[in-house]
Amino acid sequence: MQYISTRGQAPILDFEHVLMAGLASDGGLYVPETYPTFDIDMVRKAAISPYVETAFRVMQPYIAGAIGDSDFYDILDKTYKKFRHPAVVPLSQIGSSSWLLELYHGPTLAFKDVALCLLGKLFEYFLQKKGETLTIIGATSGDTGSAAIQGLRGLDHVRVFIFYPKGRTSDVQRKQMTTVADKNVHAIAVDGTFDDCQAIVKTLFADQEFRKKCPIGAVNSINWARVMAQIVYYVTSASALGAPARGCSFSVPTGNFGDILAGYIASRSGLPIHKLAIATNSNNILSRCYHSGAYHRGDVMRTESPSMDIQVSSNFERLLFDLYDRNADEICNLHADLKHKNGFTLGVKQLQRFRGLFLAESATDEETFATIKNIYEKTDRLIDPHSAVGVTVAQKLGLDRDQSVPVVNLACAAAAKFPDFVEKATGVHPDLPAHLADLHQREERTTHIPNDIEAVKVLLIG
């Protein structure tokens with residue numbers, strides 16, 4: 001499998017080098033030259049197969065030639081043994097045709113674990129093989145950072161620096177990053193928003209002189225391997241609900257577009273997806289673009305679903321690349337307009353294609369509060385505010401009213417990561433699991449820096 005950049009000027013790479021590069025040297029994102037087609041028998045059997053087996057069969061075409069099959073299967077087996085549920089990502093029913101896909105049974109209680117626990121193992125595999133070290137950097141609005149740290153902590157060949165917006169994560173999210181004592185882990189509090197943290201990461205990757213002094217890799221969903229790993233649970237959940245004989249719909253809470261992009265790729269690969277709904281909070285640049293065609297960033301609003309407090313969705317570029325028939329020049333023009341004019345407008349044909357592939361809607365904090373309360377009263381289940389955004393949007397779009405097509409709501413995090421808001425809505429305080437029960441008593445270790453790229457460079461090189 002070969003990979004090309006969405007902006008057309010970076011070299012074509014294989015999987016190993018795409019994993020290590022993260023962002024392409026031309027500022028674009030790597031995508032496969034072609035999307036493989038799923039084996040229908042694999043889709044049918046995914047409902048009764050071990051998760052590791054389906055993960056191997058979905059991801060192997062993307063990795064073929066870079067890792068031997070037995071080594072890759074072993075990596076997957078070791079990765080998903082860390083999860084607290086034998087199904088890894090189980091389904092649970094919350095309505096007559098509505099389901100939750102529980103993506104929070106990994107070590108940090110968030111869907112990011114599904115990909116980032118694997119990413120750590122992949123980095124270790126290649127770096128150990130070559131005897132090299134790498135500085136891994138990532139920006140987080142909350143969950144990516146803690147999941148990346150768990151996946152990379154203690155590794156001999158990796159230093160990891162996670163940039164998070166100071167004061168804009170939940171206490172649990174912050175402490176999952178700042179209480180890790182391993183010497184190779186560095187949690188960095190930045191004055192600003194997630195978009196500022198993300199801009200730091202992108203600027204560092206675009207600085208070729210800096211990268212010669214300090215080789216860097218990425219854990220954000222700009223790294224193709226993150227998206228690749230998330231394709232798997234679309235297959236397992238759809239199969240459990242009748243695929244390939246019948247399709248299902250998905251409602252996906254998303255800020256950076258990576259998780260729903262995985263669903264789009266699953267559909268491109270032959271999974272029968274009926275509707276794919278983009279669910280945003282009040283930072284609704286994606287749903288605004290869907291309804292108007294205009295992608296213009298505004299100020300980042302603080303919400304009760306902070307992992308989605310994003311106004312520049314990096315992975316949207318991968319979709320745009322397909323909407324514009326993989327014309328890299330068009331993507332470069334859109335990027336230039338975003339940089340210099342603060343946004344761009346989709347062409348008529350591209351907007352029609354976008355609307356043909358997705359639905360989109362947003363949910364306010366008040367609406368997610370009501371959903372958390374309603375789900376608890378009807379099912380005795382506690383869901384977090386991000387998951388509630390997805391459920392709210394599915395209901396607003398009427399996906400749950402079609403009894404012939406099941407709707408899968410991606411449950412992105414455990415309620416215990418956002419206990420105050422959940423308790424306010426339900427009157428019940430969600431407790432952390434045993435392995436995190438003493439989290440609030442653990443000593444924190446963090447570095448506070450201004451939103452200044454030169455200060456970041458000094459930190460990384462020093």
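Q: At what angle do helix H3 and helix H10 pack, and how far apart are their axes?
A: Helix H3 (residues 51–63) and helix H10 (residues 224–240) pack at about 135°, and their axes are 9 Å apart. That makes H3 oblique to H10. Angles under 35 degrees count as roughly parallel, over 145 as roughly antiparallel, 65 to 115 as roughly perpendicular and the rest as oblique. The axes are lines fitted to C-alpha atoms, for helices over the stretch in contact, with angles from 0 to 180 degrees between N-to-C directions. Helices (H or I, at least four residues) and strands (E, at least two) are DSSP runs numbered from the N terminus.

Q: Before we go on, what kind of model is this?
A: It's a predicted model: local features need pLDDT of at least 70, side-chain atom pairs count only at pLDDT 80 or more, and totals for chains, interfaces and linings use all residues. Residues are numbered from 1 along each chain as its sequence is written, and side-chain values use heavy atoms, leaving out hydrogens and water.

Q: Back to the helix pair. Which residues of H3 and H10 meet?
A: From H3, Tyr51, Thr54, Ala55, Val58, Met59, Tyr62 and Ile63 meet Trp224, Met228, Ala229, Ile231, Val232, Tyr233, Val235 and Thr236 of H10. Contact means heavy atoms within 4.5 Å. By class, the H3 contact with H10 has 13 nonpolar, two polar and no charged residues. Ala, Val, Leu, Ile, Met, Phe, Trp, Tyr, Cys and Pro count as nonpolar, Asp, Glu, Lys and Arg as charged, and the others, Gly among them, as polar.

Q: And which residues have the most contacts inside the largest nonpolar core?
A: Phe15 and Phe354, in a core of 123 residues. A nonpolar core is a set of buried Ala, Val, Leu, Ile, Met, Phe, Trp, Tyr and Cys residues joined through side-chain atoms within 4.5 Å. There's a second, separate core of 23 residues that includes Leu29, Leu204, Cys214 and Ala218.

Q: What does Phe15 touch?
A: Not counting residues up to four places away in sequence, Phe15 touches Met1, Tyr3, Tyr62, Ile63, Ala66, Leu122, Phe126, Trp224, Ala225 and Met228.

Q: Switching to H6: how many of its residues are buried?
A: Nine of the ten in helix H6 (residues 143–152). Buried means under 20% relative accessible area, exposed over 50%, partly exposed in between (1.4 Å probe, protein chains only). The buried residues of H6 pack against helix H5 (112–130), strand S5 (134–139), strand S6 (158–165), helix H7 (171–178), S7 and H10. After H6 comes glycine 154, with a positive phi near 80°.

Q: Lysine 457, buried or exposed?
A: Buried, with a relative accessible area of 16%. Lysine 457 is in helix H19 (residues 453–461), and touches Leu204, Asp207 and Phe210, not counting residues up to four places away in sequence.

Q: Where is glycine 28 found?
A: In the loop between helix H1 (15–21) and strand S2 (30–32). Glycine 28 counts as buried because its relative accessibility is 0%. Leaving aside neighbours within four places in sequence, glycine 28 is in contact with Ser5, Thr6, Arg7, Leu23 and Glu317.

Q: Last one: where is threonine 193, and what does it touch?
A: Threonine 193 is in the loop between strand S7 (185–190) and helix H8 (194–206). Not counting residues up to four places away in sequence, threonine 193 touches Pro165, Arg168 and Val300. Threonine 193 is buried too, with a relative accessible area of 14%.
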